[in-house]
Amino acid sequence: MILVAIGANLPGPDGAPPLETCRAAVRAMAALPGVRVDALSRWYETEPVPPSGQPNYVNGVARLRRVPGAAITPEELLAAVQSIETQFGRRRAEINAARTLDLDLIDMDGLVRDSPDPILPHPRAHLRAFVLLPLLDVAPDWVHPRTGQTARALLEAVGPAGVRLSAAVQDPLG
């Protein structure tokens with residue numbers, strides 16, 4: 001199981017609202033060679049972390065799987081999702097800056113590694129309610145590969161403050 005966190009809080013380069021950019025990013029991930037999108041969480045509205053004057057984010061999580069016989073590496077998948085981010089106007093100017101799209105590789109088949117990039121599991125996913133809450137939608141039994149804690153226990157530890165189901169949620173793909 002591959003988990004990718006999705007987020008945006010600025011309009012896309014075409015002026016599309018963040019939710020539409022996130023949905024388009026899921027469609028772009030579905031077209032990547034070697035993986036398939038199995039599930040998509042509901043969309044959540046979240047306050048920026050750390051708190052700032054930025055607009056709220058739209059966040060979700062996609063669950064992907066490798067296509068049988070495909071040999072996509074973590075480095076290849078990271079490059080592919082970063083290419084999607086660039087396609088949707090992502091600029092890497094400063095840490096925690098507002099963004100048109102953010103795709104984070106959270107877990108890839110339970111792999112634990114500190115280098116090279118991507119670090120797996122994502123080094124801060126277990127501290128972020130905006131990742132854990134939507135992750136529970138697509139992988140309710142997920143266990144953090146380093147800590148051995150369930151996603152539910154991790155969410156209880158950080159609390160769901162600042163994360164709420166988006167009012168725009170009907171069909172996750174629109």
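Tutor: Let's start with the packing: the buried residues of α2 pack against β1, α1 and β5. Contact here means heavy atoms within 4.5 Å, and buried means under 20% relative accessible area, exposed over 50%, partly exposed in between (1.4 Å probe, protein chains only). Helices (H or I, at least four residues) and strands (E, at least two) are DSSP runs, numbered from the N terminus.

Please keep in mind that this is a predicted model, where local features need pLDDT of at least 70 and side-chain atom pairs count only at pLDDT 80 or more, while totals for chains, interfaces and linings use all residues. Residues are numbered from 1 along each chain as its sequence is written, and side-chain values use heavy atoms, with hydrogens and water left out.

Which residues of α2 are buried? They are Pro 74, Leu 77, Leu 78, Ala 80, Val 81, Ile 84 and Glu 85. These residues cover an arc of only 160° around the axis, which puts them on the same side of α2; the arc is that of the directions from the helix axis to the C-beta atoms. An α-helix has 3.6 residues a turn, so residues three or four places apart point the same way. On the face turned away from the buried side of α2 you will find the exposed residues Thr 86 and Gln 87.

Now look at Glu 85, which belongs to helix α2. Glu 85 is buried, with a relative accessible area of 1%. Leaving aside neighbours within four places in sequence, Glu 85 is in contact with Arg 90, Arg 92, Leu 101, Asp 102 and Leu 103.

Next, step back to the largest nonpolar core, which has 30 residues. A nonpolar core is a set of buried Ala, Val, Leu, Ile, Met, Phe, Trp, Tyr and Cys residues joined through side-chain atoms within 4.5 Å. Leu 77 and Ile 84 are among the members that touch the most others, and so is Met 29. The elements that give two or more residues to this core include α2 (74-87), α1 (18-30) and β5 (102-108). Its largest share, seven residues, comes from α1. Not counting residues up to four places away in sequence, Met 29 touches several residues, including Val 81, Ile 84 and Leu 103.

Finally, follow the chain onward: α2 is followed by Gly 89, whose phi is positive, near 90°.
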